[in-house]
Every structure is written in C-alpha cells, then in structure tokens.
Amino acid sequence: MLVSPVTEAPAPGAERAAVLALEGIAKSFPGVKALDGVRLSLHPGEVTALVGENGAGKSTIVKILTGIHQPDEGAILLDGQPVRFATPHAAADAGVTAIHQETVLFDDLSVAENIYLGHAPRTRLGLIDWRRLYAQAREMLARVGAEIDPTARLRDLGIANKHLVAVARALSIDARVVIMDEPTAALSHKEITELYALVERLKAEGKAILFISHKFDEIFRIADRYTVFRDGRFIGEGAIADVSEAELVRMMVGRSIDAIFPARAHETGDEILRVEGYSHPTEFDSISFSLRRGEILGFYGLVGAGRSELMQALFGVTRPSAGSVTIDGAPVSIRSPADAIARGIVYVPEDRGAQGAIRALPIFQNVTLPSLNRTSRHGFLRLAEEFRLARDYTRRLDLRAASLDQELAQLSGGNQQKVVIAKWLATRPRVIVLDEPTKGIDIGSKAAVHEFMAELAAEGLAVIMVSSEIPEILGMSDRVIVMREGRMVAEFPRDGLDPERLVRAAAGIGTKP
Amino acid sequence: MTDARIVPDRLDTRASRLLRSWEALLLALAVAIFIANAFASPYFLDPWNLSDATFNFTEKAMIAFPMALLIISGEIDLSVASIIALASTAMGHALSLGAGTPELVLIGLGTGLICGAFNGLLVTRLGLPSIVATIGTMSLFRGVAYIVLGDKAYTGYPEAFATFGQGYVAWVVSVEFVLFWILAAAFAVLLHVTSFGRTVYAIGNNPTAALFSGIRVVRVKFLLFLMTGLFSGLAAVCLTSRLGSTRPSIALGWELEIITMVVLGGVSILGGSGSIFGVVIAAFVLGMVTFGFGLMNVPGIVMSIFIGVLLIAVIALPRLIARLRPHRHA
C-alpha cells in the first residue's frame, strides 16, 4: 500500500470523533499477558468488527470495556476524556452495554421486567409503575422490531427473541456503545437476518457497535471497520472496504509458529477406533472417522461447532441418536463413562473445574478416582497402591506440588491440568480424547502437555485432540478434521495443512451455508 | 531431560491433622460437658444413670451414620422419622395379625428398605431435589401411619421383642449401646477405608467430575437412600421395642435431631466432607446435653434453644475462621 506517513489520509469514519477509544491497554493475569499495548476505537453510527483467534484477547477487551476488569496500563477515552470504569455499573452509566453469547437475563421474570430491571419506572410512592413499564417495554420492543408480548415470561421465548430482549434492554439504558460478542453463535439463518436488520437500525440511531465474530461472511456483510488482535497485541485496523478476506485471515493467523512443538515421527499403527454415521438430535450429524494407534487426530472448529458434544457422546455422557462405534474391529455400546473407561476410551474435558477436577480432594485421590478398582482389593482402599500410582503418573508429567496429599485447589491451573491428565493415563487407556488440553494454562505447562502428548502417541496411544488454537493443531496433529455447525466439513492430512485453509473451512468461507 | 522433582506423598502426619480437626474440638467439648454434668448433678456419674443416658442417642445415631454418608454425597433424607412411624405401624399391624418376633423385625427392616427405595427412585429416576422429595415422603409416610392408627395405639409386643430396646448384654451395657458401636465401626470402615466411601466423597464434591471419572453416580446415591431407609427401619425396631407400643406420633421431629447430630459432627451440609468419628462424638455430646439438662430439671424449651444455638455456631464457626484467616494461594 502506498500510504505516506505525512498525508494521514483520514480513515473512513474518522471524520466523526470516536465515542470510545482505548489506547495502550495492557492487562496481565497470573502467568499470562492477555493484552499488551492494544488500541481500539469505536465511532458513532459504525460497526467495528474485532477479529482474532481464540486467545487473541477479545474477551479481555470486552471485560475491560464493561468494567469487569481494570487495565494495568493505558487509557480509556470517552468523548476524548479519560475515564475509569471501576465497576460494571460505571460502564453502564457511561452508556456502554454488552450483549454476550449467553446474556444474563432472568428466565422467570417477564420480558418487560427483564428490559427495565434496575431502572423500572416508579410511581410517586416508589413502587414499580406497571402500566408505564409495559407501555415503555412495548415501545422498546417495537424499536428493535420484535413482536414480543412484554408480559410474557422470558422462559417461554426462543433464543433469538431472548437476544432481542437483551438488545431492547441495552437500548433502554440509552447505550451509546453496544458490544455484541458472537451474537449469532446460537441463531438460525432467519434469525441472523433479523439480527442484521437490527444492527442496521442501531447504526442509524448513531450507536457505536463493537461486533465480535469468527464468521467472515458476517463481518464483511455488516461491519464498516475492522481491528485485528493476535496474541494480545494490536495487529492492524482499517475500513472493511479496503481489505480482502485473505488479508484478514493472514493478519489473524499470520505468525511464524513461534511456539516450539516436540518433534514427532508421525508413524501410525493399526486402526483402533472407527466411528460411523454418528449423529445427535441437536448437536452433530453423520460423523464418521477412524483413528490409528500412535496417531494424533486434531479436531478444529469454531466454538459451538459440536466438537465437545461429539466427544462427550463417544465417552458415554450423552446418547447419540444414530451411528456405531467399533474398537479393534468389534462393535461396542457405550452407555456411560464407566463403560467407556472399561473399553479404554477416556476423555479429558475442556471445563477442568466443573468436569475434570475434584478440587477439594487431595491430588492422589484425584488421580486414582477412575482406577479405584485397581488400587483397591475386595473394595478396600490400599493407600500405598494409590500413592504409588499417583507418584508414577504425576512424575511423568513433571507435576509441581508440595505433596501428593495437597488439595488440588491449591495448585496452579497448569498443574491441575497435569493431575487431570495423569488421572486418565493411570487408567491405561487405548484412546485418549483431550478437549482443549492447554486452554487457560501458562506457557511452561503448555509445553509440558505437548511434549507428553507426543510421548503418548510414540508409545502407541491413539490421541484425539480438540483444539481451537491453530498453532497447537498445526504443531501436534497427524491429521485434522474440521467441524462446522455439527458436521465434518474438511479433513486434511499433515502435509496438506495450512492455517488459512483451516480457518476458511471452519468459518465457512467460500462455501454456501 | 526432565529431572523430575520428587513430590512427597504427605507432608503432615495424619495424627497432626487430627489434632487440628473439628473432631478434636468436638471431643474437647464432649469432655467439658461430661465434667460439667458431673459437677452439676451428684447422680450423673452413677453407672446406671450413664447407661440410661445412652438411650438418648443410640437410636438416632443408627440413622445418623447412613445419613452422614447421604449428606456427604450431597443429598439429604428428611423422611427418616416418618419411616420410623410407618415401620413401627407396619410392625404393630403385623402384631395384631399374630406375627412373632422374627417376623416383626423383618417387617420393620423391610418397610424401611421399601421407603428408602421409594425416596431413592424419586431422587435418582425422577431427578427431584432430595430436600423436596423427602419433605413430601415425610408427610406421606407419617400420614399413612395416622390413617392406619388414628388415635389408637398398638401395644402388647411379645417379651422376646423387648430385647432390642430394653435388653442388656452385660451389667449396664445395653443391646442398643453395643449395636451403636458395631454400626459406628461398620460405617467408619465403609466411609473411610473402602472405595465406595471414596466415591461418596467424590460425588459430594463434584458430581459431574465424578460421573466423568466413571463413577456410577446414580447407583451410589440410590444405595445411600436404601441404606438410610434400612437403618431407619432398624431404629424403628429398637424404639418400638423400648417403648413397647406404637403410636403414629412416634419419633416426631427426630429428623431434625438426626441432621443436627450429623452436622454437629462436622459433616458439611453442602456435601463433600465429614467423618463418622465426628458423628459418634456429636451423638455423645447431644445425648449428654439432653440427659444433663434433664437431671437438672431444665425445661425442654431451653434445651431446644441450646441445641439451636449450638447448631448455628457449628455452621457459622468455620466460615468466621475462614474470614479471619488471611487467604493463601499457591
């Protein structure tokens, strides 16, 4: 591009001053630098798309904009004046409102109450003025083009209508900045079209909109400007009209894969697992694949593509509606996690806190929990055996802890994840499914987990790795399956892998929806 | 390349942990109450008096042990006292039809088992919250007893049947007191040294992670309800035997005293932690308080106030301590 630094051609929209601007924002969490000197500006009557991979810092910036987190460095400028959003309330007062993936609404209240909760019109006695409440709510709903009865209970509404209620709520507090975080993730095609119309209406009212999405077709359809983050850093910004999909993808993923991944032989053995026509009423459809000993099979896709749901069905947590699973050529029926473990399939869940770890129990008891039938005799615990098993497996993962009797809750996220992985390895599985195995853990633990995965594969274990991180998928997989909206949309052998093709397949670029 | 660090198995011994535990504090309280009682009433230290005092808790403790496991697993059973009423009524009815002692015992235990299974099905199959389901069965079971009995009572239990509640194994040692110790030992073993006990703790701490770890959560919970029902049936046998009669109001309000015993024993009402040792001491504490107050002619209402304050203190104390202690994060 021929842009001389002197001319400073005004970016489209720059004629109108930014209503909200972030400058030099940095934010660290223990072990992670989430944001490092990023900037972002939002202009009235314009949609700015924030683009970046998982872990780029998008959700952190939303939390800073809505007063949930405070930045370590940098300034927030509202109409050019520096401000502090010390609490979510302060951000709301300044007219910043967010519509999240799962917006916090109250199922058992009426639509009108949800819209006006906390700022309902009052009578002179200080009681809620119900007549005005319903009238104003009706007016708000009309503004967002929703045909919803304000007296209906929220529970009885569909997801799309709940979204509209959330938008009406945002408008009711006279928002100037509306943040939409993956607003279409749970919507049908028709509902998405309605949402676009709504975004146009908000633009016309002069709202500044921050639109966060992984879907490129959406971004190119409704955004005016874009900002790209990568690994917590600002990469670029500009007008959507001046950029191509390919350029945007390159800015998003265009890194040398700087993380170091272990070298692997990529020799795979016999087929161990075969899944055919696996379907679920709502989450996934017609999934077929096979897995070999010593192979690491990557599952890539956007959040909500149905990958975790597929793996949990394989593990017996939920029941598929159709399809078959064979292990070593023999068909198996898996009706519970206990069945799956008995067949040698284990699942390391993504949600470590809720599904993987029992934080109040000591480390060794976490490790031995699925292996109690081996460490006990006639139903009686043998502590020496338990400690032996826990010691063997945690040592292999280089666990850092004061003692094996320490409560799991006292460990860092990375070390907790090592304990959860150790717990599954101790069952001596033949197939291990790792769901986002390095999500939210520090760099050092990440490398340990990667190295260990490579070791497992070398020992002949079959590994399925669900990951939304492109470097991890590229660095570790022998083969990659891409899922989108519950279906398999692409499969890449190791030598056919490149980040742009992965992102395109996952986001549905170049394919009809 | 990883010169793996050696992570030791344990840092502190189990003995040192015990010293700092809730159970140690409770034991000190029990000793204090014992001494206070001894000073307050000259009759307290009489062996027969002490023996009588144990009846204040033995039957309740029989239910408190399985209840402790149930609460640790994150569930609760409020219908236990009503199970006693129903089981006792069933025994009385069988008696009126001419049943002998062995049949009476089997009917008492069987009724408890059926009631427990019913509670278990409501919670595990229908997915009802146990607090709601067992409030329902609490009214249901006792309601049936009232319908059958009205204001009548079954009396005239055979002499052999009296052994359970009125018999002595040797000198002042009652059959119930021996039963209490046997059950305490059995439940301590079950909870603390078997893999079943470990799964109970796991479920109480995180049912989802327990399920994901291959534990058959539904089966374990059902077994715990079954067990609680069975031992409520056993308590019904002992209590009916001791009283020698069945009225529909038998054991009224016991569910709260039993839960008080469990919680005072250090079992977290939120599930996930506690020990049988604590429940044993709590049984003694509550039994001695009841008996000591009785000897001193303290009115019943004062005693419920005392127990109420004790219970609130027990639940509030750990939170207060946690709030005072500076937080540490690894």
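A residue is termed buried if 20 or more other C-beta atoms lie within 10 Å of its own, exposed if 12 or fewer, and partly exposed in between, with C-beta atoms placed from the backbone. The model is predicted: local features need pLDDT of at least 70 and side-chain atom pairs count only at pLDDT 80 or more, while totals for chains, interfaces and linings use all residues. Residues are numbered from 1 along each chain as its sequence is written, and chains are lettered from A and ligands numbered from 1 in the order in which they are written.

A:His378 has a positive phi of about 50° although it is not a glycine, and its place is the loop between strand S17 (376-377) and S18 of chain A. Helices (H or I, at least four residues) and strands (E, at least two) are DSSP runs, numbered from the N terminus. In chain B, Phi of B:Trp171 is near 45°, again a positive value in a residue other than glycine. B:Trp171 lies in the loop between strand S2 (168-170) and strand S3 (173-174) of chain B and is exposed, with 9 other C-beta atoms within 10 Å.

Chain A contains an open sheet of 6 strands in the order S6-S7-S8-S3-S9-S10, with mixed pairing; two strands pair if DSSP finds at least two bridges between them. Strand S6 (96-99) and strand S10 (233-239) of chain A stand at the edges, each with a single partner strand, so one side of each is left without a neighbour in the sheet. Neighbouring strands of this sheet are turned by 20° against each other on average, direction ignored. S10(A) pairs with strand S9 (residues 225-230) of chain A in the antiparallel sense over 6 bridges, and A:Val228 has A:Gly236 in S10(A) as its bridge partner. Helix H8 (residues 245-253) of chain A packs on the sheet, touching S3, S9 and S10 of chain A, and its direction makes about 30° with that of S9(A). Axes are lines fitted to C-alpha atoms, for helices over the stretch in contact, and angles run from 0 to 180 degrees between N-to-C directions.

Elsewhere in chain A, strand S16 (residues 345-348) pairs in the parallel sense with strand S19 (residues 431-435) over 4 bridges. A:Ile345 stands opposite A:Val431 in S19(A). From S16(A), A:Ile345 and A:Tyr347 point one way and A:Val346 and A:Val348 the other way, and all are buried.

In chain B, the axes of helix H5 (residues 80-96) and helix H7 (residues 130-149) come within 8 Å and cross at roughly 30°. H5(B) is therefore roughly parallel to H7(B), a term for angles under 35 degrees. Their crossing is left-handed, meaning that the near helix is turned anticlockwise from the far one by less than a right angle.

The axes of helix H2 (residues 22-40) and helix H14 (residues 276-295) of chain B come within 9 Å and cross at roughly 20°. This makes H2(B) roughly parallel to H14(B), and the crossing is left-handed.

The contact between the chains takes 35 residues from chain A and 26 residues from chain B, where residues are in contact if their C-beta atoms, placed from the backbone, lie within 7 Å. The elements that give two or more residues to the side of chain A that touches chain B are helix H10 (337-342), helix H11 (352-356), strand S18 (380-381) and helix H14 (383-396) of chain A.

How values were computed
Angles under 35 degrees count as roughly parallel, over 145 as roughly antiparallel, 65 to 115 as roughly perpendicular and the rest as oblique. Two residues are in contact if their C-beta atoms, placed from the backbone, lie within 7 Å.
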